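Please look over the sequence and the structure before reading on.

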Amino acid sequence: MIYSKEVEEMCTVAQGVNHGCAPIPEEAKWVKAKEVKDISGLTHGIGWCAPQQGACKLSLNVKDGIIEEALVETIGCSGMTHSAAMASEILIGKTLLEALNTDLVCDAINTAMRELFLQIVYGRTQSAFSEGGLMIGAGLEDLGKGLISQTGTLYGTKVKGTRYLQLTEGYITKMYLDKDDQVCGYEFVHMGKFMDAIKKGVPADEALKSVTGTYGRTKAEDGAVKSIDPRKE
């Protein structure tokens, strides 16, 4: 250790008060985190790229400082999905500190990692007060049946109004309008369940019918006057 001349000539003053670090909540325990291995928890966070043309939702399950599970979801530019594929391999098995200082390919994913790091090391995880934390695999629960991201894609213009393209329920195939041409319901296809059925050998027409549903007022007796294809009409 090299000290400046000014410091070398100072007299020594003993340190008095030193309470150490404050405890943070981790998986239903209060932990004084002094090393990376002291950190555990599951949490989610959002990151964005510099030109703000895309975003990433990152979910991490950390046990004893090691990332045991990662869910990477992206929306925006076309290259982000490939970046997410690489990041899902890169993150696993790394300590939080390693992951924070690793190039995760996409700026949005790097930003999400930064935001999650802050949550985790300050004890603001989703599992802060869950005894024992959450099992490895809990990250998939965000996706639900069909293991597909919950995304919304809506489009609108002043001259023609709104178009529902995709909602939580799935891919929108029809929009139902009432007598005032206002949206009163929609028809959807759950793409995750549809692909699961196809993989099991169910004929496409039968599979499509089984995973098609509606929401809202879609019948004439309920006030639905007409339906439109949001991608064509």
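What follows is an account of selected strands, a helix, charged pairs and some backbone features.

The model is predicted, not determined by experiment.

**Strand β4 and its partners**

Strand β4 covers residues 55–63, and seven of its nine residues are buried, so the rest of the structure largely encloses this strand. Two other strands pair with β4. Strand β3, residues 41–48, pairs with β4 in the antiparallel sense over eight bridges. Strand β5, residues 66–75, also pairs with β4 in the antiparallel sense, over nine bridges.

Towards β5, leucine 60 stands opposite alanine 70.

Both pairings are also hairpins. Six residues lie between β3 and β4, and in that turn glutamine 52 has a positive phi of about 55 degrees. Between β4 and β5 there are two residues, and aspartate 64 in this turn has a positive phi of about 55 degrees.

Which polar side chain has an atom 2.9 Å from the backbone nitrogen of aspartate 64? The side chain is that of serine 40. Serine 40 sits in the loop between β2 (29–31) and β3. Its relative accessibility is 9%, so serine 40 counts as buried. With neighbours within four places in sequence left aside, serine 40 is in contact with Glu26, Glu27, Val62, Lys63 and Asp64.

**Salt bridges**

How many salt bridges does a search of the whole structure find? The search finds nine. Three of them are set out below.

| Pair | N to O distance |
|---|---|
| Lysine 37 and aspartate 38 | 3.9 Å |
| Lysine 57 and aspartate 142 | 2.9 Å |
| Lysine 199 and aspartate 196 | 3.6 Å |

The salt bridge between lysine 57 and aspartate 142 has its closest N and O atoms 2.9 Å apart. This pair links distant parts of the chain: lysine 57 belongs to strand β4, while aspartate 142 is in the loop between α4 (107–121) and β6 (153–157), and the two are 85 residues apart. Lysine 57 has a relative accessibility of 26% and so counts as partly exposed. Aspartate 142, with a relative accessible area of 29%, is partly exposed. A network of salt bridges links Lys57, Glu73 and Asp142.

The pair of lysine 199 and aspartate 196 belongs to helix α5. Because these two residues are three apart in α5, about one helical turn separates them. Lysine 199 counts as exposed at 66% relative accessibility. Aspartate 196 is partly exposed, its relative accessible area being 30%.

**Helix α5**

Helix α5 spans residues 191–199, and its buried residues are Gly192, Phe194 and Ala197. The buried residues of α5 pack against β9 (183–189) and α6 (204–210). Just after the helix comes glycine 201, which has a positive phi of about 95 degrees.

**A nonpolar surface patch**

Which residues make the nonpolar surface patch of about 520 Å²? They are Met1, Tyr3, Val7 and Met10. Methionine 10 is located in the loop between α1 (5–8) and β1 (24–26). This methionine 10 has a relative accessible area of 55%; since exposed means over 50%, the residue is exposed.

**Positive phi in two further loops**

Most residues other than glycine have a negative phi.

Valine 105 has a positive phi of about 80 degrees although it is not a glycine. The loop that holds valine 105 runs between α3 (96–100) and α4. Valine 105 is partly exposed, with 36% relative accessible area.

Aspartate 181 is likewise a residue other than glycine with a positive phi, near 65 degrees. Aspartate 181 lies in the loop between β8 (170–177) and β9.

How values were computed
Residues numbered from 1 in each chain as written. Predicted model: local features only at pLDDT ≥ 70, side-chain atom pairs only at ≥ 80, totals over all residues. Heavy atoms only, no water. Buried < 20%, exposed > 50% of the residue type's maximum accessible area, 1.4 Å probe, protein only. Helix = DSSP H or I, 4+ residues; strand = E, 2+ residues; numbered from the N terminus. Pairing = 2+ DSSP bridges. Polar contact = N/O pair within 3.5 Å; in protein donor to acceptor, adjacent residues only side chain to side chain. Contact = heavy atoms within 4.5 Å. Salt bridge = Lys/Arg side-chain N within 4 Å of Asp/Glu carboxyl O. Patch = residues over 30% accessible without salt bridge, like charges linked within 9 Å, V, L, I, M, F, W, Y side chains within 5 Å. Areas by Shrake-Rupley, 256 points an atom, 1.4 Å probe, with all protein chains shown as cover.
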